[in-house]
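Please keep the structure in view while reading.

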Amino acid sequence: MTLTRTCPLLLTVIILLVVGEHLVESASEYDPYKILGVGKSASQQEIKKAYKSLAREWHPDKNKDPGAEDMFIKISKSYEILSNEERRSNFDLYGQMDENQPFGQSQHQGFRSFHHSFYFEESFFHFPRSRDFADSKYLLHHAQYNSDVLPDSYKRPYLIKVTSEWCFACIHIEPVWKEAVQELEPMGVGIGILDLGFERRLANQLGAHRAPSIIGLVNGRVTFFHQAVVREYLRQFMEDLLPQRLVEKITDNNYMSFLSGWRVENKPSVVLFDQVPVVPLLFKLTAFAFRDYVRFGYVDQGDARNTQLLRQFNVNTYAPTMLLFKEDTEKPADIIQARGMKRQIMDEFVSNNKFLQVPRLVNQQLFDELCPVKQFHRRRKYCVLLITGEDQAFTPGNKAFLDFASANSRDVLRFAYVYQRTQQPLCQALLQNQATPSPQVVILERRSQAGKVLYRSVAGGWNGSQEDKHRLHQQLELLQKDPSYLSSDATLPELNNEMAPIFLIQWMNAAYDYVLQIYDDLLYSNWREMMPILSLIFSALFILFGTVIIQAFSEAPEDKPRKPKPKEPQQAEEEAASSRAGTSSRPPKKDFVEVTELTDVTYTSNLVKLMPGHINVVLVLTNASKNALLKKFAKEVFSFSGTQNLHFSFLNADKHSQWMPSVLSSTSEAAQNVGHSDDDEESSDYAGHVLALNGHKKYFCMFRPVFTGDDPTDSVSSEASLSCGSRRKSRSRSRSRSHSRSRSSSKEDGAGSKRGSTRATNIEVHHKLDRLGLWMERLMEGTLPRLQVPAWPSLDGPTES
């Protein structure tokens, strides 16, 4: 019996020892130095250079070897170990590869190491910890981020996910993240993944201190994503980060002014024709990448205002079409049409047409690209430069130079022009300080980055005549036969940047970015970085005012207890209603109620784009009733102000008189009866109405004022006013109560009603919100009927989708 129990135990121990020894041997065989091909004394620069070379060679997308994927993983893991000095020294001392293994644990303790990692390392007994291979190519390192990603963010936006090894919340967003990557990466959005466990230095630089987090990077500016992780929200987040007015909407009325803008901005124009009413995100990303070279416009083919434009350029309406215009605004210089327009196709199309036929040299960067420095392994590039003026007298000569350049479009020649007034240092160096008011043509070849050029001026100047064209043509033919034809040399200064914004605009842009960053930190509570400053401020305030406040309270005279005054019936009823509401709702966290006015600025964020599950309680008022209704409204909803998903606002019906009729007219037939079945004198008076609006699910509940008349006790009537049900049921219940007054009157009592209308109206304004507390209780219970709307109307009329 003892032998039977002992054998399985011995067998298990032997298996564990064998497996542990195998793991130790495998670990000893794994040498990151050998995999990267560097010595143990290699510097970080040598390690990085070796890693880039091997990663480029063994990347699975380029290397079709079956073992390329495994080799690429080994290379990445080796670089993770050796690029971090702490992990590298740990490996050098103990041969340790896993960062979770305790320091100082040597290799001969293989069984113990296997025992500790049995439930956490990758085997079929446990939860796998290995990183997805698809994510390995997106991992960011501190040096790589600053040298590659940060400068590249000025050409394309980046979406960065912050994660860590044991972040279980990261697993929940992983499917949505992969869908967003599959959609946005082909459009040209850069993708990055930051591991908090490996890159603490980069995390501190970005301000990322928790996982999971998602960061947007555009133009070197870091912005955190604070909404629910949904693919549509991520897409909208990236679109909102792009600069405004990247793409201009083009119609029949403004297309000529848009195409003629090349004279001022010195750029070609690209116009995209498509069937969708909004500019596609793919086109916006292309415009962001080439915004320094090309102007972008968009034409909605379904818009009736674009019929003349489609007819003039004979655009096919069944597939997206891109037209590129240069100096000729009547005929496109290039055209492309594809049913499945992709980013690569658009990039190639724009890259091949980045410059005008004869661009104006406005900065040094454009000069370097148009007239590059001579390279030994490339063909010579010659720049034919016209030095002219910007007045109307020079226009014929400038146009003749453009015609000549269009007829001599050889790849070895680049034509350009400069204004002598704006680029005086360049013109003086080429003309050798000669005062020549007439235009001159100079042929030059750049020899060094320091500005050295070989050049020759074309004799006779340039007036645009046929003789001038013939003379320039002969000079270019001689240059092709004999490169030594350029006999003069000079050192050119750097060009003035004519497109640079003035200092005031630069300062305002920098100040705007700084204020926006502070607002974002305050709004989303970046307390980790703000806590030292807040602690210092509160300490100073306590020291300065603490003693004064304590002394003021200690010297306050003690008042004698006074007999409380008897409460009025209305006040007693209000306190009873507020106490009932306070017992059934969440206790408030503040001693005040935040009530925001719905305007053109706050309407979209407070209603149309309201987060799921949040409700905006809106009070409708007028200028005359504003003060009275706001005080009453704040008192009634105060006990509910601590609820996180409730927001409180008010709408001025005098400013936005069409909004309430638009909301009521867009509901069902029953809702229309609610809005239009009342008396004529009440049909347009919406002051005192309260609407609970759910912007995400597009429904609302409505509280109608209780018209109590002279007697405050009448406010207990009309129970149906607490809901958004039918007004007719409200009347029938009101008539059934003995203490309520009838709404309708006989023809004989008409005069009496008119005489007392003014006094009744004043009392009704004071008592319109008497039963709002009970209505709020039913709103929180979810027992109020809901009226669906197809879309929220704007404050001025048309609906918001």
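## Terms and basis

Helices (H or I, at least four residues) and strands (E, at least two) are DSSP runs, numbered from the N terminus. Axes are lines fitted to C-alpha atoms, for helices over the stretch in contact, and angles run from 0 to 180 degrees between N-to-C directions.

The model is predicted: local features need pLDDT of at least 70, side-chain atom pairs count only at pLDDT 80 or more, and totals for chains, interfaces and linings use all residues. Residues are numbered from 1 along each chain as its sequence is written, and side-chain values use heavy atoms, with hydrogens and water left out.

## A pair of helices

Helix α9 (residues 168-184) packs against helix α11 (residues 231-241) at an angle of about 45°, and their axes are 9 Å apart. The two helices are therefore oblique to each other (angles under 35 degrees count as roughly parallel, over 145 as roughly antiparallel, 65 to 115 as roughly perpendicular and the rest as oblique).

In contact (heavy atoms within 4.5 Å), V176, E179, A180, E183 and L184 of α9 meet R231, L234, R235 and M238 of α11.

Two strands pair if DSSP finds at least two bridges between them. Five strands form an open sheet with mixed pairing, in the order β5-β7-β6-β8-β9. β5 (247-249) and β9 (334-337) are at the edges, each with a single partner strand, so one side of each has no neighbour in the sheet.

Strands β6 (residues 269-274) and β7 (residues 295-300) run parallel and are joined by six bridges. The bridge partner of D274 is D300 in β7.
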